Amino acid sequence: MATTISETALENYVELSDRELDDRITRAKAALGNRLVILGHHYQRDEVVKFADYRGDSLKLSQLAASRKEAEYIVFCGVHFMAEAADILRSERQTVILPDLNAGCSMADMAELEQVEVAWEELRRVTPAKIVPITYINSTAAIKAFVGRHGGAVCTSSNARKIMEWALAQGEKGLFLPDEHLGRNTGYRMGIPLEQMVVWDPHQDLGGLNAEPIRSARMILWKGHCSIHQRFLPQHVDKVRRDVPGIRVIAHPECRWDVCQLADEVGSTEFIIKCVTESPPGSQWAVATEIHMVNRLAQEHPDRRVISLDDCGCLCSTMYRISPQHLCWTLENLVEGRVVNRIQVERETRVWARAALDRMLAIH
Ligand code: SF4
């Protein structure tokens, strides 16, 4: 395979010391000034996130970047679907960059457009009911576009309930992509019985279901999950409560249903941060989400005890691929006028994905 000048240059960053990398990133950032905005997701590692102009979840970051019109370059220290979301929401003059193109998301990859199109056709064959698709923001632009084309909306972990309620007011059933846990946790909190939420397995004929359960279901959940959040188990909750009397358990809704049932609190990354931040000194929290965010909460609140629900710690290894080396390489290329690793969603996909995002934003 041909090697570009930029790719060759990336290899030269491997040997740099942490100090050199920090200095060079700082210099490149200063040279780019207002033309650059660096976004850092909550799950990003410390050595990278310390350079972020904004830290947050994927939607908040994309919106902030789009509002910074003077920033020509949006460098997203997150994963691929997040950079796509930023590209969908960006203004005309902005360019979105993902420092390592291998930073994907296993959950987003679990729903491919072809699989969803097949499922849609099969569902329509089995039931005349109006189905409204909903996709979690943790999905590819192609899936967001599919949802936009079919009258559905995007949701986040903060507004999933509102969007699901909206979808069920529009139609008789919802198809929830691509995270079965967020879908089930949300549906259950709305009062939908578990037996009225069926799981569609894209690797089996008719999703591994019979026609009747599909006809009686209110919510069809796509069989996808976050491999990090799914690692938290009910026995971890039992153990931490035995080991640390009085500790409160807080779980992200990408965790399994049985874990969320046992938790004291369930909510998005922003909700978790708010709960810990607003809790009184001396509070104790066992947090079921990505380890970098848990450790950062612990560092920022030394008067509270904040630990991971699972001793092993759950790390988003794909997000971890964004290294200081990649960030430095990206920024120094920009200083020299070269854009590397641009994320550009194809025009028609962008239009329909934007429609699904706008529909979400319009739902109050
Ligand atoms: S934590 Fe899970 S859902 Fe989030 S980016 Fe990583 S793999 Fe994807």
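Student: What makes the residues of the shell around the ligand nonpolar, polar or charged?

Tutor: The shell divides into eight nonpolar residues, three polar and one charged. The class follows from residue type: Ala, Val, Leu, Ile, Met, Phe, Trp, Tyr, Cys and Pro count as nonpolar, Asp, Glu, Lys and Arg as charged, and the others, Gly among them, as polar. This is a predicted model, in which local features need pLDDT of at least 70 and side-chain atom pairs count only at pLDDT 80 or more, while totals for chains, interfaces and linings use all residues. Residues are numbered from 1 along each chain as its sequence is written.

Student: Which residues are around the ligand?

Tutor: They are Y43, V79, C105, S106, M107, N138, C226, I228, E290, C316, T318 and M319. A residue is listed if its C-beta atom, placed from the backbone, lies within 6 Å of the molecule.

Student: Why are α8 and α17 called roughly perpendicular?

Tutor: Helix α8 (residues 141-149) and helix α17 (residues 347-362) pack at about 65 degrees, with axes 7 Å apart. Angles under 35 degrees count as roughly parallel, over 145 as roughly antiparallel, 65 to 115 as roughly perpendicular and the rest as oblique. The two helices are therefore roughly perpendicular to each other.

Student: Which residues of α17 does α8 meet?

Tutor: Residues of α8, including A141 and R149, meet T349, W352, A353, A355, A356 and L357 in α17; contact requires C-beta atoms, placed from the backbone, within 7 Å. This contact comprises nine nonpolar, two polar and two charged residues.

Student: What is the phi of L206?

Tutor: L206 is not a glycine, yet has a positive phi of about 45 degrees. L206 is placed in the loop between β8 (197-200) and α11 (211-216).

Definitions and conventions. Axes are lines fitted to C-alpha atoms, for helices over the stretch in contact, and angles run from 0 to 180 degrees between N-to-C directions. Helices (H or I, at least four residues) and strands (E, at least two) are DSSP runs, numbered from the N terminus. Two residues are in contact if their C-beta atoms, placed from the backbone, lie within 7 Å.
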